[in-house]
Amino acid sequence: MSEILRIENLHKSFDDLEVLKGIDLTVQSGETVVILGSSGSGKSTMLRCVNFMESPTNGKIYLNGDLIGTERNGKMTYKEAELCTLRSRIGMVFQHFNLFPHMTVLENVLEGQVIVLGRAKMEARDKAMAQLERVGLAEKAFEYPSRLSGGQKQRVAIARALAMDPEVMLFDEVTSALDPELVGEVLKTMRQLAEEGMTMLCVTHELGFAYHVANRVLFLNEGIILEQGEPQSILKNPDTNRMREFLDGHSLFKLPD
Amino acid sequence: MEWNFLAVLRDFDLLILGLLNTLKVTGLALLFGVPLGLVLALSRLSTIRVLSGVAGFIVEFFRTTPPLVQLFWFFFALPILVDVRMTPLIAAVVTFSIQSSAFFAEIFRGGILSIDKGQWEGAKAIGMTYGQSLRRIILPQAVKRMIPAFMERSIELLKTTTLVSTVAYTDLMFQANELAQKTFRPLEVYTVVAVIYFVLIFVFSQASIWAEHRLAKSGEGTVR
Ligand SMILES: Nc1ncnc2c1ncn2[C@@H]1O[C@H](COP(=O)(O)OP(=O)(O)OP(=O)(O)O)[C@@H](O)[C@H]1O
Ligand SMILES: [Mg+2]
């Protein structure tokens with residue numbers, strides 16, 4: 001295994017509000033990391049700093065060994081073109097899909113390949129169909145997103161990200177907006193990706209997914225990683241009271257095994 | 001009082017010439033006004049304070065001053081300030097391009113703001129630049145929603161161009177005035193001119209309704 005992503009001393013503030021207070025994280029290639037934490041703990045902000053949807057206030061991010069940005073007098077500076085390139089190397093899937101409604105499913109998956117990567121149409125098309133196949137939606141290629149169920153939309157969004165050949169995939173509560181009966185198909189797709197060796201950072205409240213799929217679970221609390229470990233141990237025997245309370249809150253109404 | 005359209009019909013080619021000139025001014029004002037409106041809208045939406053401030057001022061200024069005052073200013077006042085020769089056509093095109101761009105700017109701005117923020121995010125996340133996001137993702141969706149307001153403004157523009165007759169540009173209204181004096185038949189002349197404007201605008205708005213339906217059918221229903 002080799003290091004693919006490294007986050008060093010990541011800080012992020014919105015005006016006076018300090019949301020991330022120094023995050024350090026190294027992710028190995030092929031690893032699936034699940035990030036847990038209560039609402040407002042900074043999970044989305046952390047994920048969004050990784051691909052610079054938000055600019056970190058402080059700290060460094062390395063992708064595949066490359067430091068993003070240039071250091072000047074102890075401060076990081078970023079060029080927009082460099083950040084666009086970085087974003088094209090990292091896939092992101094959102095809670096609300098954010099598919100392009102004026103394009104068919106196929107066009108959605110083609111768009112980034114053609115416009116951002118400059119791939120030839122034929123190559124991009126083959127790639128797009130292969131990714132749609134991978135998420136089980138090849139037969140929907142010529143539909144518009146409005147005709148799909150939430151679960152199908154989310155799988156298209158995953159295919160759109162995969163078509164860019166990302167080095168890392170970020171998932172921000174991608175099943176939270178779905179009807180309960182549609183959650184499974186999306187989690188199954190994510191599990192399949194993890195098993196195929198994709199590097200993934202997932203913010204989710206699905207503890208079952210964390211337990212069965214993650215290599216590592218992080219618990220984010222008030223802007224720091226309060227604890228982390230293998231899912232089997234950390235989800236059953238957390239070290240901190242804070243995480244124990246969090247887990248209890250999540251399993252209050254679980255059916256007995 | 002007896003209606004007699006003969007005199008009008010005999011000189012109908014004068015009115016046709018006027019109509020063509022009206023369409024020319026309107027068309028040119030649209031040609032320059034729409035892109036300028038987009039530039040103003042994007043400037044106004046910019047996070048660069050100075051840029052959005054200046055754009056905001058221009059938009060508000062041209063939306064709140066009477067178009068006749070603007071026209072006179074460009075035709076009579078500007079040549080005193082700077083050494084330009086103003087023909088009635090140039091003055092009219094300059095005035096109505098800028099004036100309508102102020103309105104188009106607000107239509108563009110409203111259209112762009114009406115698009116869900118997630119669309120910008122989706123585009124950004126696959127590595128698109130601001131320009132690519134705007135061109136490929138945001139504007140195609142925004143423009144669809146803008147069509148009714150856009151058409152209404154264009155019709156408004158067509159009607160406002162009647163003002164150019166006051167600086168002796170031979171538009172439809174100017175020709176009508178000439179013809180009315182020449183034939184002593186104002187009733188018939190202005191009736192015919194009213195009908196011409198009505199037909200023109202009616203056809204125009206029918207076409208826009210048709211275009212809107214066509215676009216609505218192609219694809220999406222909701223933003224997501
Ligand atoms: N763009 C922003 N501007 C100002 N404050 C923000 C912004 N984005 C997030 N915040 C604040 O930062 C804090 C952390 O937000 P974040 O979205 O990262 O939390 P989260 O852990 O993802 O929560 P949730 O489970 O509700 O999604 C919150 O207090 C939020 O209000
Ligand atoms: Mg969140």
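**View 1. Contacts of Asp11(B) in the predicted model.** Asp11(B) touches Leu179(B) and Lys182(B), leaving aside residues up to four places away in sequence. The model is predicted. Asp11(B) sits in the loop between α1 and α2 of chain B. Is Asp11(B) buried or exposed? Its relative accessible area is 16%, so Asp11(B) is buried; the cut-off for buried is under 20%.

**View 2. A nonpolar surface patch on chain B.** Which residues make this patch? They are Met1(B), Trp3(B), Phe5(B), Leu9(B) and Leu187(B). The patch covers about 570 Å². One of its members, Leu9(B), belongs to helix α1 of chain B, residues 6-10. Leu9(B) has 54% relative accessibility and therefore counts as exposed. The cut-off for exposed is over 50%.

**View 3. Leu23(B) and Leu172(B).** Along the sequence, 149 residues separate Leu23(B) from Leu172(B). In space, their C-alpha atoms are 9.1 Å apart. Leu23(B) is part of helix α2 of chain B, which spans residues 12-45. Its relative accessibility is 37%, so Leu23(B) counts as partly exposed.

**View 4. The open sheet of chain A.** How many strands form this sheet? There are six, in the order β8-β9-β10-β3-β11-β12. Their pairing is mixed. Strands β8 (90-93) and β12 (224-229) of chain A stand at the edges. Each has a single partner strand, so one side of each lacks a neighbour in the sheet. On average, neighbouring strands of this sheet are turned by 20° against each other, direction ignored.

**View 5. Strands β3 and β11 of chain A.** Strand β3 of chain A covers residues 32-36, and strand β11 of chain A covers residues 216-221. The two run parallel. Four bridges join them. Which residue of β11(A) is the bridge partner of Leu36(A)? The partner is Phe219(A).

**View 6. Helix α6 across the sheet strands of chain A.** Helix α6 of chain A is made of residues 180-195. This helix lies across β3, β9 (168-172) and β10 (200-203) of chain A. Helix α6 runs at about 150° to β10(A).

**View 7. Helix α9 across β3, β11 and β12 of chain A****.** Helix α9 of chain A spans residues 241-251. What angle does helix α9 make with β11(A)? The helix runs at about 105° to that strand.

Notes
Residues are numbered from 1 along each chain as its sequence is written. Chains are lettered from A and ligands numbered from 1 in the order in which they are written. This is a predicted model: local features need pLDDT of at least 70, side-chain atom pairs count only at pLDDT 80 or more; totals for chains, interfaces and linings use all residues. Side-chain values use heavy atoms; hydrogens and water are left out. Patches are made of residues with over 30% relative accessible area and no salt bridge: like charges are joined within 9 Å, nonpolar side chains (Val, Leu, Ile, Met, Phe, Trp, Tyr) within 5 Å. Accessible areas come from the Shrake-Rupley method with a 1.4 Å probe; for residues, only the protein chains shown count as cover. A salt bridge is a side-chain nitrogen of Lys or Arg within 4 Å of a carboxyl oxygen of Asp or Glu. Buried means under 20% relative accessible area, exposed over 50%, partly exposed in between (1.4 Å probe, protein chains only). Two strands pair if DSSP finds at least two bridges between them. Axes are lines fitted to C-alpha atoms, for helices over the stretch in contact, and angles run from 0 to 180 degrees between N-to-C directions. Contact means heavy atoms within 4.5 Å.
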